[in-house]
Structure formats: C-alpha cells, structure tokens
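Please look over the sequence and the structure shown below before reading on. The report that follows moves from the overall fold to the core, the charged pairs and the surface.

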Amino acid sequence: MISKEMTIRLENGLEARPVAMLVQVASQYDSAIYLEAGEKKVNAKSIMGMMSLGLDTGEKVTVTVDGKDAEDALKGIEKYLSGK
C-alpha cells in the first residue's frame, strides 16, 4: 500500500465532469484507490463518493493505493489531478 498527498490542480476543481473523468482513470487500474480529504475517505472508483468530497482547485488530498499496479495507479491519478 502506498499513499501520497496531492494538490488538486484542475481548473474547476472536482465538479461533475472532472469527477467522472477521475473515476474513469481510477477504473483503469486493478488496485483499490482511495482519496481522503479531512475526515472523509472515499473510493476513487465511486462517482457518488467522489462527488461527496466537493473538492476545489488548490485543495490537498491524500491518495492511497493498494494492489499489484499501485505505482502505475498512483502516477495516473497524480497526472490527472495535476491537470496535465
């Protein structure tokens, strides 16, 4: 299991469309992927869970990944959240 703190760099934060895209990115990996902000920890493959976070640009999240492709998954999530 690996974890890393990341900053949301998406222009409009994690609104409906960016959340849907993030869920698509997370779903490409076999690993379990969770985003944690404050007291909430949600499955990155769950649209409803991700929407409940209501994250804006500049906010920090901790991404935790566990599984056989954990490093690739962490890199993929980081690339997406950085807006690249």
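## Terms and overall fold

Helices and strands are taken here as DSSP runs, a helix having at least four residues and a strand at least two, and they are numbered from the N terminus. With that naming, Leu81, a residue taken up again below, has its place in helix H3. The model described here is a predicted one.

The protein chain has three helices and four strands, and when these are read along the sequence they follow the pattern β-α-β-β-α-β-α. The radius of gyration of the protein chain is 11 Å, close to the 12 Å that the globule rule gives for 84 residues, so the chain is as compact as a globular protein of that length. Its C-alpha trace spans about 30 × 30 × 20 Å along the principal axes. Among the contacts of the protein chain with a separation of 6 or more, 69% are accounted for by residues 24 or more positions apart.

## The nonpolar core

In soluble globular proteins, nonpolar side chains tend to be buried together. In this model, 42% of the 84 residues of the protein chain count as buried, and the largest nonpolar core holds 27 residues, of which Ile33, Met50, Val63 and Leu81 touch the most other members. Helices H1, H2 and H3 and strands S2 and S4 each supply at least two residues of this core, and the largest share, six residues, comes from H3.

Leu81 counts as buried because its relative accessibility is 0%, where the limit for burial is under 20%. Leu81 is in contact with Met6, Thr7, Ile8, Arg9, Leu10, Leu14, Leu22, Val61 and Val63, with neighbours within four places in sequence left aside. The C-alpha atoms of Leu81 and Glu5 are separated by 11 Å, although these residues are 76 residues apart along the chain.

## Two salt bridges

Side chains of opposite charge can pair when their charged atoms come close. A search of the whole structure finds two salt bridges. In one of them, Lys4 pairs with Glu78, and the closest N and O atoms are 2.8 Å apart. Because Lys4 lies in strand S1 and Glu78 in helix H3 (residues 70–81), this pair ties together parts that are 74 residues apart in sequence. Lys4 counts as partly exposed, at 34% relative accessibility, and Glu78 is likewise partly exposed, with a relative accessible area of 30%.

A salt bridge also joins Lys68 to Asp30, with 3.5 Å between the closest N and O atoms. Lys68 is in the loop between strand S4 (60–66) and H3, while Asp30 is in the loop between helix H1 (16–27) and strand S2 (32–37), and the pair links these distant parts of the chain, 38 residues apart. Both Lys68 and Asp30 are exposed.

## Surface and partly exposed residues

The accessible surface of the protein chain comes to about 5000 Å², and 47% of this belongs to carbon and sulfur atoms. Ile47, Met48 and Met51 make a nonpolar surface patch of about 320 Å². Of these residues, Ile47 lies in helix H2 (residues 47–53) and counts as partly exposed, at 44% relative accessibility.

Ile2, which is found in strand S1 (residues 2–7), counts as partly exposed at 29% relative accessibility. Leaving aside neighbours within four places in sequence, Ile2 is in contact with Val63, Thr64, Val65, Ala70, Glu71 and Leu74. From C-alpha to C-alpha, Ile2 and Lys60 are 17 Å apart in space, and they are 58 residues apart in sequence.

Glu59 has its place in the loop between H2 and S4, and it is partly exposed, with a relative accessible area of 31%. Not counting residues up to four places away in sequence, Glu59 touches Met6, Thr7, Ile8 and Gly54. Glu59 and Asp72 are 13 residues apart in sequence, and their C-alpha atoms are 23 Å apart in space.

Terms used. Residues numbered from 1 in each chain as written. Predicted model: local features only at pLDDT ≥ 70, side-chain atom pairs only at ≥ 80, totals over all residues. Heavy atoms only, no water. Buried < 20%, exposed > 50% of the residue type's maximum accessible area, 1.4 Å probe, protein only. Contact = heavy atoms within 4.5 Å. Patch = residues over 30% accessible without salt bridge, like charges linked within 9 Å, V, L, I, M, F, W, Y side chains within 5 Å. Areas by Shrake-Rupley, 256 points an atom, 1.4 Å probe, with all protein chains shown as cover. Salt bridge = Lys/Arg side-chain N within 4 Å of Asp/Glu carboxyl O. Core = buried A, V, L, I, M, F, W, Y, C linked by side-chain atoms within 4.5 Å. Rg over C-alpha atoms; globule rule 2.2 N^0.38 Å.
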